[in-house]
Amino acid sequence: MKLPLYGIGTYKLVDINILDKVVSSVLPLGVRLFDTAQWYENEVLLSEVLLEELPKYNLTREDVVIVSKVHPRNHGYERAKESILESVKLFGYIDMMLVHWPGMSGVDKSELPALRAGTWRAMEELKREGKLRGIGVSNYTMDHLTELLGYTTTGPPDVLQSEFHPRCHQTPVREFCAANGIQFMGYTPLGRNDLAPRPVIDRIAKARNMTPSQVLLKWALQKGVVTIPRSSNPERCVENAQSWVDGRLLEEEDIRAIDGMEDGHKYCWNPDLL
């Protein structure tokens with residue numbers, strides 16, 4: 001399956017009232033993709049919010065796309081399968097289940113390939129059973145992806161979710177994904193509050209009558225990257241979503257200028273060490 005290009009991240013949204021306001025702010029705009037994870041400890045909250053909010057907009061479970069992820073502590077066939085079934089129980093099925101992280105705390109690096117393979121096998125089985133409609137990985141490097149392609153029995157992963165923003169383009173990994181039919185999904189598209197104030201972003205925002213956040217999100221969307229900004233502020237969520245629904249595009253010169261911000265910086269953990 002293919003994911004919509006735009007969705008909402010829910011990392012750190014563990015207050016049901018805030019989560020409810022976030023979800024209800026974007027549903028009227030046509031946003032249907034919601035990204036959660038076992039690690040975020042908000043799968044239960046998101047399922048409850050959707051159960052309450054979807055009928056208000058004449059929507060059903062089939063109208064939304066849920067992306068979740070296997071907690072790193074649940075690596076390995078048995079643990080992964082048990083934990084995924086708990087997630088499935090909340091939503092009826094999961095549209096896209098990802099392996100959240102290629103590592104596992106407290107485990108020797110030499111043991112990780114077998115654990116990753118076991119997790120993938122559990123996901124493949126549950127996909128065949130219809131409990132998962134798509135399966136993929138998160139934070140995998142090209143080495144991890146190559147390893148996976150060596151044992152998968154259902155073809156390449158449907159999705160790779162990884163850090164992506166103007167300072168970190170992930171070009172080799174994205175090219176690998178394109179060559180192997182893997183949809184690329186980017187998180188942290190707005191950086192850590194240091195990208196929007198950059199002069200190049202500010203200049204483009206003023207010239208195009210957009211907010212800096214909208215410029216950053218349009219840059220990612222115009223590269224064909226599934227983009228999932230996160231905010232606990234409903235008004236900001238609406239502002240961000242407008243980057244997807246308003247139909248306006250950045251000029252090629254804008255794209256090139258933002259491309260120039262690339263310096264390989266990662267705000268999040270580095271999976272290259274695993």
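1. Start at L5. This residue sits in the segment before β1 (7-9). The model is a predicted one.

2. In general, strands of a sheet pair through backbone hydrogen bonds, either parallel or antiparallel.

3. β3 spans residues 65-70 and β4 spans residues 96-99. They pair in the parallel sense, over four bridges. Within this pair, V67 of the model stands opposite M96 in β4.

4. Now the interior. Nonpolar side chains tend to be buried together in soluble globular proteins. Here the largest nonpolar core has 65 residues. F34, L50, M123, L132 and L160 have the most contacts inside it. Which helix gives the most to this core? Helix α8 (residues 212-222) does, with six residues. There is also a second, separate core of 11 residues. Among its members are L3, L33, V65 and M185.

5. M123 shows how the largest core is put together. M123 is one of the residues with the most contacts inside that core. Setting aside neighbours within four places in sequence, what is M123 in contact with? The partners are V70, I84, M97, L98, V99, L132, I135 and G136. One of these, L132, is itself listed with the most contacts inside the core.

6. On to charges. The whole structure holds 20 salt bridges. One joins D95 to R61, with the closest N and O atoms 2.9 Å apart. This pair links distant parts of the chain, 34 residues apart. D95 lies in the loop between α3 (77-91) and β4, and R61 lies in the loop between α2 (43-53) and β3. Buried or exposed? Both D95 and R61 are buried.

7. A second pair is E147 with R116. Their closest N and O atoms are 2.9 Å apart. This bridge, too, links distant parts of the chain: E147 is in helix α5 (residues 142-149) and R116 is in helix α4 (residues 112-128), 31 residues apart. The two ends fall into separate classes. R116 is buried, because its relative accessible area is 4% and buried means under 20%. E147 counts as partly exposed because its relative accessibility is 22%.

8. D202 and K206 give a local case. They form a salt bridge, and the closest N and O atoms are 3.2 Å apart. Both residues lie in helix α7 (residues 199-208). They are four residues apart, about one turn of the helix. K206 counts as exposed, because its relative accessibility is 65% and exposed means over 50%. D202 is partly exposed, with a relative accessible area of 30%.

9. A last point on charges. Salt bridges can also be joined up: E52, E53 and K56 are linked in a network of them.

Note on methods: Residues numbered from 1 in each chain as written. Predicted model: local features only at pLDDT ≥ 70, side-chain atom pairs only at ≥ 80, totals over all residues. Heavy atoms only, no water. Core = buried A, V, L, I, M, F, W, Y, C linked by side-chain atoms within 4.5 Å. Buried < 20%, exposed > 50% of the residue type's maximum accessible area, 1.4 Å probe, protein only. Helix = DSSP H or I, 4+ residues; strand = E, 2+ residues; numbered from the N terminus. Contact = heavy atoms within 4.5 Å. Pairing = 2+ DSSP bridges. Salt bridge = Lys/Arg side-chain N within 4 Å of Asp/Glu carboxyl O.
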